[in-house]
Amino acid sequence: MMSSLAELCSVWPYAGGQQAFTKYLAPQRIRRFLSYLVGWVVLLGEIATVCGCSMNSAQIIASVVSIHHPTFVAETWSTYLIFVTLTLLSLLFCFSQKHLPAIAVLGGIITLGGGLAWAISFLALAPKHTASFVFTHFINNSGYTSSAWVGIMSFYTPIYALYGTDGVLHIAEEMRDAPKSAPRAMVYSMVFSGITSVMGALVMAFCAGDWETYMESDFPFVDWFVDILDSSAGGSALVIVVIVLLKFVPLKQLQLFSLG
């Protein structure tokens with residue numbers, strides 16, 4: 001799919017992305033309507049992503065606080081205030097365009113450094129599951145009877161690892177030699193993200209530990225991090241890395257809004 005989008009981007013390197021492709025490829029009679037519709041779908045999708053990442057981060061922060069302060073109970077209003085704060089924080093970056101390259105580099109450093117810190121820590125400290133568990137054991141605690149349907153739905157979370165490549169489409173007009181550089185960036189990003197995502201998934205599966213106990217928590221990976229590192233501080237540090245990385249997603253989305 002990304003190769004197809006990259007090919008289209010090489011022909012029409014416009015910030016509208018899918019909206020522009022629809023404009024040029026749809027039948028003449030309905031192209032304006034379809035282009036308008038696709039544009040709104042893309043925009044609403046970006047807005048939903050911003051809200052989803054900010055809300056997820058807010059809930060994670062509340063979970064981390066509860067680890068260090070067991071008497072703390074996250075109320076709906078407090079989680080909402082954290083959500084609003086995180087969203088506004090992302091919005092502020094849109095008004096400092098000259099700092100965006102440095103922010104992007106920082107995001108790359110945190111992504112690579114945080115990923116390596118997590119992988120090395122877990123490979124060194126976590127009890128390991130067998131290859132049979134990782135590759136042949138299918139877990140379905142969803143309540144659905146169809147394992148095939150559950151397998152399809154399970155792609156929702158890991159697809160985030162490949163989501164960022166779409167962002168290149170929407171900044172194509174800001175790039176030099178966009179017909180060549182934009183498609184290359186999209187394909188290279190997809191390949192790199194795909195490889196590292198598979199590697200990360202394997203580390204997670206082999207180091208899942210007492211996954212049944214973790215699944216009883218609202219945020220299993222928070223308890224998982226703390227348990228494997230045997231340290232509230234160490235586990236919280238890795239969780240903070242996750243929160244920071246989640247913030248780069250809405251930051252990217254809001255920047256795309258400003259470019260559009």
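This is a predicted model: local features need pLDDT of at least 70, side-chain atom pairs count only at pLDDT 80 or more; totals for chains, interfaces and linings use all residues.
Residues are numbered from 1 along each chain as its sequence is written, and side-chain values use heavy atoms, with hydrogens and water left out.

The C-alpha atoms fill a box of roughly 60 × 40 × 35 Å, taken along the principal axes. Of the 260 residues, 32% are buried, a word that stands for under 20% relative accessible area, with exposed meaning over 50% and partly exposed lying in between (1.4 Å probe, protein chains only). Among contacts, that is, heavy atoms within 4.5 Å, those with a separation of 6 or more come to 71% from residues 24 or more positions apart.

The largest nonpolar core has 20 residues, a core being a set of buried Ala, Val, Leu, Ile, Met, Phe, Trp, Tyr and Cys residues joined through side-chain atoms within 4.5 Å. Ile60, Trp118, Phe122, Trp224, Phe225 and Val239 have the most contacts inside this core. Helices α3 (31-68), α5, α11 and α12 (232-259) each supply at least two of its residues, and α11 gives the most, with 5 residues. A second, separate core of 11 residues includes Leu5, Trp12, Leu169 and Ala172.

Two packed helices are described by the angle between their axes and the distance between the axes. The axes of helix α5 (residues 100-125) and helix α11 (residues 220-229) come within 9 Å and cross at roughly 55 degrees; such axes are lines fitted to C-alpha atoms, for helices over the stretch in contact, and angles run from 0 to 180 degrees between N-to-C directions. That angle makes α5 oblique to α11, since angles under 35 degrees count as roughly parallel, over 145 as roughly antiparallel, 65 to 115 as roughly perpendicular and the rest as oblique. Trp118, Ser121, Phe122 and Leu125 of α5 meet Trp224, Phe225, Ile228 and Leu229 of α11. These residues divide into 7 nonpolar, 1 polar and no charged, with Ala, Val, Leu, Ile, Met, Phe, Trp, Tyr, Cys and Pro counted as nonpolar, Asp, Glu, Lys and Arg as charged, and the others, Gly among them, as polar. Leaving aside neighbours within four places in sequence, Trp118 is in contact with Gly200, Val203, Met204, Trp224, Phe225 and Leu238.

Helix α3 also packs against α11: their axes come within 10 Å and cross at roughly 40 degrees, and the two are therefore oblique to each other. α3 passes α11 in a right-handed crossing, and the contact is made by Ile60, Ser63, Val64 and Ile67 of α3 and Phe221, Val222, Asp223 and Val226 of α11. Ser63 is buried, with a relative accessible area of 14%, and touches Phe219 and Val222, not counting residues up to four places away in sequence.

How values were computed. Helices (H or I, at least four residues) and strands (E, at least two) are DSSP runs, numbered from the N terminus. A crossing is left-handed if the near helix is turned anticlockwise from the far one by less than a right angle, and right-handed if clockwise.
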